[in-house]
Amino acid sequence: MKVCAVVPVYNHGAAVGAVVRALLGYGLPCVLVDDGSDADCAQVLVNLSIAHPEQVTLTRLSVNQGKGGAMMEGLRLAQQLGYSHALQIDADGQHDVRDIPAFLAASVAQPDSVICGCPVYDASVPKGRLYGRYLTHVWVWINTLSFDIKDSMCGFRVYPLEPTVALIDATAIGRRMDFDVEVLVRLYWRGVGVVNQPTHVSYPSDGISHFRVWLDNVLISRMHTQLFFGMLLRLPALLWRKVRA
């Protein structure tokens with residue numbers, strides 16, 4: 001295994017430095033994807049890449065693509081750089097970097113699986129976001145015909161790059177907040193296992209969230225509908241998978 005971190009960044013200049021330093025402290029090289037950030041944040045990222053030229057790779061999207069678009073760019077670049085696995089982590093500091101060793105150990109134990117964060121929230125979580133997640137959980141359980149995926153919305157996970165990049169190259173996947181859910185369901189459909197890793201989550205260190213309540217919920221609802229019809233097409237295979245398990 002050769003693992004790096006992929007960090008999508010959109011105007012989190014105040015928080016991303018601490019995240020990168022923590023990742024480097026755990027021996028993880030970083031692929032930073034500047035998702036069309038403003039000049040101040042862009043300069044922070046340039047400074048990080050200059051300060052750590054052997055450990056930080058920076059790529060910039062000239063126009064904001066959304067979290068999913070940035071992640072797909074970063075995952076492809078990570079594979080091109082020769083990495084076999086990539087740890088996805090948010091730039092805003094909401095994920096607990098102290099859990100990184102547990103994620104990496106789980107990936108070593110099951111390298112062909114996605115190691116997916118299963119959040120343990122503190123009091124900082126917005127109640128609307130917390131309750132809204134449960135509807136997505138139900139849809140994911142329906143669209144996979146299983147409870148194997150405990151939480152599909154947590155953006156703290158380790159991907160095996162070969163099947164993940166093959167998927168995003170072959171399939172049109174949501175480019176914004178719908179990405180985390182859709183890529184996980186579609187990987188599951190392709191037979192990639194999911195390991196649920198508990199992790200503490202807080203909201204967020206710099207007070208910036210790019211979740212657009214109405215538009216992102218519309219995109220997520222549309223995604224669930226598309227996945228449902230995709231599940232119906234795969235129903236025999238999914239049922240056979242359950243029988244074999």
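## A tour of two helix pairs and two cysteines

Start by selecting helix H1: its Gly-13, Val-16, Gly-17 and Val-20 meet Cys-41, Val-44, Leu-45 and Leu-48 of H2, where contact means heavy atoms within 4.5 Å. This contact has 6 nonpolar, 2 polar and no charged residues (Ala, Val, Leu, Ile, Met, Phe, Trp, Tyr, Cys and Pro count as nonpolar, Asp, Glu, Lys and Arg as charged, and the others, Gly among them, as polar).

A word on what you are viewing: this is a predicted model, in which local features need pLDDT of at least 70 and side-chain atom pairs count only at pLDDT 80 or more, while totals for chains, interfaces and linings use all residues. Residues are numbered from 1 along each chain as its sequence is written, and side-chain values use heavy atoms, leaving out hydrogens and water.

Now show H1 (residues 13-25) and H2 (residues 39-51) whole: they pack at an angle of about 20°, with axes 9 Å apart. (Helices are DSSP runs of H or I, at least four residues, numbered from the N terminus; axes are lines fitted to C-alpha atoms over the stretch in contact, and angles run from 0 to 180 degrees between N-to-C directions.) The two helices are therefore roughly parallel (under 35 degrees).

Next, select H6 (residues 161-170) and H7 (residues 179-189), whose axes come within 10 Å and cross at roughly 110°. They are therefore roughly perpendicular (65 to 115 degrees). Pro-163, Thr-164, Leu-167 and Ile-168 of H6 touch Val-183, Arg-186 and Leu-187 of H7.

Last stop: Cys-116. Its sulfur is 6.3 Å from the closest cysteine sulfur, in Cys-154, too far for a bond. The whole structure has 0 disulfides (pairs of cysteine sulfur atoms within 2.5 Å).

Notes. Angles under 35 degrees count as roughly parallel, over 145 as roughly antiparallel, 65 to 115 as roughly perpendicular and the rest as oblique.
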